[in-house]
Amino acid sequence: MSTNPITDSGPLLALPRRQPMVPEPYCVQRVRQETRDTFTLELRSSNGAARPAFAPGQFNMLYVFGVGEIPISISGDPTSSKALVHTTREVGPVTKALRNLKRGDEMGVRGPFGTQWPVEQAVGSDVLIVAGGIGLAPLRPALYAILANREKYGRVVLLYGTRTPEDILYRKELERWRARFDLNVYVTVDRAVGAWRGNVGVVTSLIRRAGFDPQNGIALVCGPEVMMRFAIQELQKRGVGTDRIYLSMERNMKCAIGFCGHCQFGPSFICKEGPVFRYDKMETFFLLREV
Amino acid sequence: MTHDSQLGKVLSVLERKDFQQLFDTLREKGYRIVGPTIRDGAIVYDELASVTDLPVGWVDEQEGGTYKLKKRGDAALFGYAVGPHSWKKFLHPPVVRLWQVQRQGKGLNIIEETQETPPMAFIGVRSCELHAIAVQDRVFLGGDFVSPAYKSKRERAFIVAINCAQAGGTCFCASMNTGPKSTAGFDLALTEILEDGRHYFLVEVGTESGAAVLKELPHQPAGREDTAAAERIVAATATQMGRRMDTTGIKDLLYRNYEHPRWDQVAARCLTCANCTMVCPTCFCTTIEDVTDLQGDHAERWQKWDSCFTTDFSYIHGGSVRATPKARYRQWMTHKLATWIDQFGTSGCVGCGRCITWCPVAIDITEEVRAIRETDHLVTVSTKKDDNGNS
Amino acid sequence: METLKGILAEHPFFRGLEDRHLELLVGCASNVRFDAGQFILRESEEANQFFLIRQGKVSVEIFAPGRGPMTILTLGEDEVLGWSWLVPPYQWKFDARAIEMTRAIALDGKCLREKSEHDHDLGYELLKRFVPIVEERLTATRFQLLNVYEPHHR
């Protein structure tokens with residue numbers, strides 16, 4: 001157990017079975033295009049083993065034969081035992097190779113790694129989820145977990161902002177969530193041309209309308225770092241304490257087990273003390289440049 | 001290998017003429033012997049065949065950005081400080097294959113590495129280096145994950161430590177509390193004594209393995225004069241340190257000075273050549289490379305030394321988080337002296353001085369700390385916020 | 001039934017106003033309603049009013065040939081629409097259209113402008129409330145400009 005004071009949500013879950021640098025072989029079940037540059041992978045263990053347990057917020061290292069390996073947050077339902085689900089953007093050689101995998105192709109998975117969203121700690125409180133762009137993917141498992149035990153929470157609100165209506169991730173699912181009576185969903189885009197009748201404006205402006213109790217609420221924030229900074233400022237303005245705001249950070253990652261040193265962010269290793277952090281524990285470093 | 005300080009209560013004397021037998025005994029026990037030797041004008045660590053491979057009668061002259069070898073005028077086996085290599089070269093090698101994979105149709109067959117290397121005996125490990133090994137032990141063995149490669153090499157390594165008889169020009173182990181006397185982490189610890197025509201070693205046993213090796217060597221119990229001589233030598237070394245680091249409150253000092261103008265000043269000199277990270281005995285950063293053969297059926301994953309000074313080290317989303325040399329120098333120094341403490345419970349610096357010696361522009365980590373301490377909080381960066389969340 | 005004065009006095013935007021100023025505002029206020037699709041104000045027209053939205057959704061947009069109306073911002077309940085009445089040449093720079101049936105309180109900005117010339121206290125109270133709105137919109141606009149959701153390549 002690390003004695004790092006930045007350590008946040010408890011011990012790591014589900015330590016991998018093999019040597020930690022060796023991937024487990026997984027089979028591609030499905031590759032689904034979500035938006036023009038974002039896709040979802042559904043994987044199953046090649047050995048027929050059950051999907052390993054994971055906590056919302058954790059990530060896996062996904063390996064494509066001969067191309068490379070990258071960290072991708074798990075975006076599936078932790079309470080369902082089916083496939084291992086990851087959503088990612090196509091931005092480089094590895095993600096491009098992942099997107100071109102076909103059903104039945106084998107690739108490698110290491111994990112799960114990292115800290116989790118405070119789904120347990122939030123019991124009894126209101127929960128405000130603020131997601132920007134691809135940031136909705138690492139938050140989706142938290143929402144699933146909360147909805148699976150909906151009666152344990154107060155008001156649950158999801159705020160989602162992205163660039164244009166065409167970039168809205170999990171659109172059909174968002175519409176289904178919006179239709180529920182026990183969940184408030186607000187979506188906004190930065191720009192819209194044409195037939196969009198929804199909100200246009202920054203995701204931070206949705207916080208004002210969220211209708212949740214800042215004294216008894218927990219906020220989970222994920223998205224581009226600039227968006228998270230804006231959102232956190234707005235949350236603080238509304239009276240949410242820095243010990244009630246959680247965010248998910250990203251840095252260059254090679255090993256995911258605290259050996260390669262790449263993911264360091266001040267005193268924290270994003271792979272060990274993150275990616276989910278309680279804001280008050282890392283605020284000083286978050287506000288510094290080039291750290 | 002557990003250090004037992006009770007074993008060290010009985011000190012012995014090994015004569016110079018019998019030193020070769022240490023090599024022979026270790027070799028008989030199946031160890032590959034590595035230690036200091038001269039190559040390319042420097043004292044490096046490499047495989048040793050016999051005592052004569054040691055830098056007998058040589059001393060190093062070290063200063064910021066300077067390293068020279070000179071003849072001593074006597075026949076000391078260990079009459080020098082540390083060179084550009086450190087023991088991480090053997091325990092945490094620069095290039096390691098992690099696994100191989102063979103493509104079979106749509107499937108992958110991963111072949112793991114077997115950790116079969118002959119055990120190594122390290123001859124001439126300095127106290128600062130014992131601490132450095134302990135620092136890397138915490139990284140690779142002390143967390144939630146263990147490196148099997150490191151563990152295998154580390155557990156089987158036999159360590160013969162040397163208590164330094166002279167400090168190097170850039171040494172500061174005394175102020176870092178990492179030397180010059182070896183106190184733990186060795187199988188045998190020697191102090192080389194050349195006095196009154198005699199040339200011998202005071203031997204302290206650290207472990208059962210060490211005791212077993214000593215048993216095979218001709219040795220005598222140490223007399224009071226021998227012990228006193230050794231103590232005098234080590235005490236003298238402690239006063240000769242070329243540098244000093246004031247570590248009082250150093251973690252908080254650096255934490256509150258991330259915006260200090262000194263970082264810009266050192267950045268104007270730093271070439272981001274990464275020498276310091278390569279010679280530093282505790283720097284452990286690596287990168288992972290996935291490579292394939294030309295036919296596309298076989299791939300391998302390799303682990304290689306990396307440095308936080310490279311622009312790509314912190315690359316993410318189309319750019320590097322630490323794009324400027326200032327940010328990268330600051331990262332290295334604050335990691336070594338401050339964040340390391342929060343991460344692993346000790347400083348990352350052992351006061352060996354290598355980074356000072358091998359920096360082409362002679363940047364001195366002790367001087368950088370001093371400069372920041374003297375103008376502590378020159379730039380106040382307030383992270384307090386007003387009621388509206390504005391800073 | 002709620003009176004205009006009651007609504008204005010309770011509204012967070014006008015909270016803290018002295019009674020004499022509140023009376024002035026009430027004198028300049030009226031209830032208005034817009035059907036879905038109806039324009040509330042149009043680019044280049046004289047800006048003489050501002051609106052406190054009570055219900056519904058308004059799109060602040062600009063029309064470009066070949067691209068149609070482009071929405072920059074949507075406003076909803078309790079939000080304020082329009083500050084161009086404060087800034088010469090007092091002309092709307094954008095269109096504002098009701099996306100859904102919208103009810104609002106319209107305030108006669110031209111009248112308040114003229115009154116503020118004589119009653120500087122009134123002017124200060126109004127500016128104190130409008131400047132933060134402008135700041136908020138500017139910050140939001142800058143954020144939108146940054147295009148943070150796009151992947152940035154070297």
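Me: Why is B:Phe201 called buried?
Reply: This is a predicted model, and its B:Phe201 has a relative accessible area of 0%. Buried means under 20%, so B:Phe201 qualifies.

Me: What makes B:Phe19 and B:Phe201 an aromatic pair, and why is the pair called tilted?
Reply: Their ring centres are 4.7 Å apart. The limit for a pair is 6.5 Å. The planes make an angle of 40°. Stacked needs under 30 degrees and edge-to-face over 60, so this pair is tilted.

Me: Which parts of the chain does this pair link?
Reply: Distant ones: B:Phe19 is in helix H1 of chain B, and B:Phe201 is in strand E11 (residues 198–205) of chain B. They are 182 residues apart.

Me: Is B:Phe19 buried or exposed, and how do you know?
Reply: Its relative accessible area is 0%. The cut-off for buried is under 20%, so B:Phe19 is buried.

Me: How many aromatic pairs are found over all chains?
Reply: The search of the whole structure finds 36. Take B:Phe19 and B:Phe23: their ring centres are 6.2 Å apart and their planes meet at 55°, so the pair is tilted.

Me: What separates B:Phe19 and B:Phe23 along helix H1 of chain B?
Reply: About one helical turn, because they are 4 residues apart in that helix (residues 19–28).

Me: Why is C:Ser59 counted as buried?
Reply: Its relative accessibility is 2%. The threshold is under 20%, so C:Ser59 counts as buried. C:Ser59 sits in strand E4 (residues 58–64) of chain C.

Me: What makes the link between the side chains of C:Ser59 and C:Glu61 a polar contact?
Reply: The distance is 2.7 Å. A polar contact needs N or O atoms within 3.5 Å. Beyond its neighbours within four places in sequence, C:Ser59 also touches other residues, including C:Thr71, C:Asp95 and C:Ile99.

Me: How many disulfides are found over all chains?
Reply: The search finds 0.

Me: Why is B:Cys173 too far from B:Cys171 for a bond?
Reply: Their sulfurs are 6.2 Å apart. A disulfide needs sulfurs within 2.5 Å, so the gap is too far for a bond. B:Cys359 is in no disulfide either: the nearest cysteine sulfur, that of B:Cys273, is 6.1 Å away.

Me: Are B:Cys173 and B:Cys359 buried or exposed?
Reply: B:Cys173 has a relative accessible area of 8%. B:Cys359 has 11%. Buried means under 20%, so B:Cys173 is buried, and so is B:Cys359.

Terms used: Residues numbered from 1 in each chain as written. Chains lettered and ligands numbered in written order. Predicted model: local features only at pLDDT ≥ 70, side-chain atom pairs only at ≥ 80, totals over all residues. Heavy atoms only, no water. Phe/Tyr/Trp six-rings, centres within 6.5 Å; stacked < 30°, edge-to-face > 60°. Helix = DSSP H or I, 4+ residues; strand = E, 2+ residues; numbered from the N terminus. Buried < 20%, exposed > 50% of the residue type's maximum accessible area, 1.4 Å probe, protein only. Polar contact = N/O pair within 3.5 Å; in protein donor to acceptor, adjacent residues only side chain to side chain. Contact = heavy atoms within 4.5 Å.
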